[in-house]
Amino acid sequence: MTLTDAEKAAVLSLWGKASGDLEALGAEALDRLFRSFPQSKTYFSHFDTSPGSADLRNHGAKVLGALGEAAKSMDNLDQALSKLSDLHAYNLRVDPGNFKVLSHCIQIVLAAHFPAEFAPEVQAAWDKFLAAVSAVLTSKYR
């Protein structure tokens, strides 16, 4: 799944705004994930999953930080996400369906915080980007 130059620019433009608050945005995305899909908490039994907790803020920053690295490497996602893909497939064994629902939660948070920037074409670009990231993260499950 290859993003066009316009889609890449849309992802990077919004990322430039979102990257200033990774902890809060990431924690909000994880909170939405856990509230909407409580079964996803099974991978985080050692976390305090209450809204705004240090665990959510720290892990949320890691998740969005990894997305930022992926955004910088959209032309080579396989290499950029190789270690993360290995970790999720071989060590953590996260249900691949969780990547799709987390992607949805991330898009909701971006839309809520950046409504003027989250135009339909930007949402489509982010949807395509997050689907590509999810595909790489689940590629080693086969």
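Of the 142 residues in the protein chain, 41% are buried. The structure is a predicted model. Its C-alpha trace spans about 40 × 35 × 20 Å along the principal axes. The radius of gyration of the protein chain is 14 Å, which agrees with the value near 14 Å for a compact globule of 142 residues. Among contacts between residues at least 6 apart in sequence, 76% join residues at least 24 apart.

The protein chain contains seven helices and zero strands. In sequence order the pattern is α-α-α-α-α-α-α.

**Packing geometry**

Two packed helices are described by the angle between their axes and the distance between the axes. The table gives both values for each pair.

| Helix pair | Angle | Axis distance |
|---|---|---|
| α2 (residues 22–36) and α6 (residues 97–113) | about 130° | 9 Å |
| α6 and α7 (residues 120–138) | roughly 150° | within 10 Å |

**α2 and α6**

The axes of α2 and α6 lie 9 Å apart, and the helices pack at an angle of about 130°. An angle over 145 degrees would count as roughly antiparallel, and one of 65 to 115 as roughly perpendicular; α2 and α6 are therefore oblique to each other. Their crossing is right-handed.

On the α2 side, the contact is formed by Leu25, Glu28, Ala29, Leu30, Arg32 and Leu33. These residues meet Val101, Leu102, Cys105, Ile106, Ile108, Val109 and His113 in α6. By class, the contact of α2 with α6 comprises 10 nonpolar residues, one polar residue and two charged residues.

**α6 and α7**

The second pair joins α6 to α7, whose axes cross at roughly 150° and come within 10 Å. Because angles over 145 degrees count as roughly antiparallel, α6 and α7 fall in that class. α6 passes α7 in a right-handed crossing.

From α6, the residues in this contact are Phe99, Lys100, Ser103, Ile106, Gln107 and Leu110. From α7 they are Gln123, Trp126, Asp127, Leu130, Ser134, Leu137 and Thr138. The contact of α6 with α7 divides into six nonpolar, five polar and two charged residues.

**The position of Ile106**

Ile106 of α6 is listed in the contact with α2 and also in the contact with α7. Other α6 residues that meet α2 include Val101 and Cys105, while those that meet α7 include Ser103 and Gln107.

Technical notes. Residues numbered from 1 in each chain as written. Predicted model: local features only at pLDDT ≥ 70, side-chain atom pairs only at ≥ 80, totals over all residues. Heavy atoms only, no water. Axes fitted to C-alpha atoms, helices over the stretch in contact; angles between N-to-C directions. Helix = DSSP H or I, 4+ residues; strand = E, 2+ residues; numbered from the N terminus. Parallel < 35°, antiparallel > 145°, perpendicular 65-115°, else oblique. Left-handed = near helix turned anticlockwise from the far one by under 90°. Contact = heavy atoms within 4.5 Å. Nonpolar A, V, L, I, M, F, W, Y, C, P; charged D, E, K, R; others polar. Rg over C-alpha atoms; globule rule 2.2 N^0.38 Å. Buried < 20%, exposed > 50% of the residue type's maximum accessible area, 1.4 Å probe, protein only.
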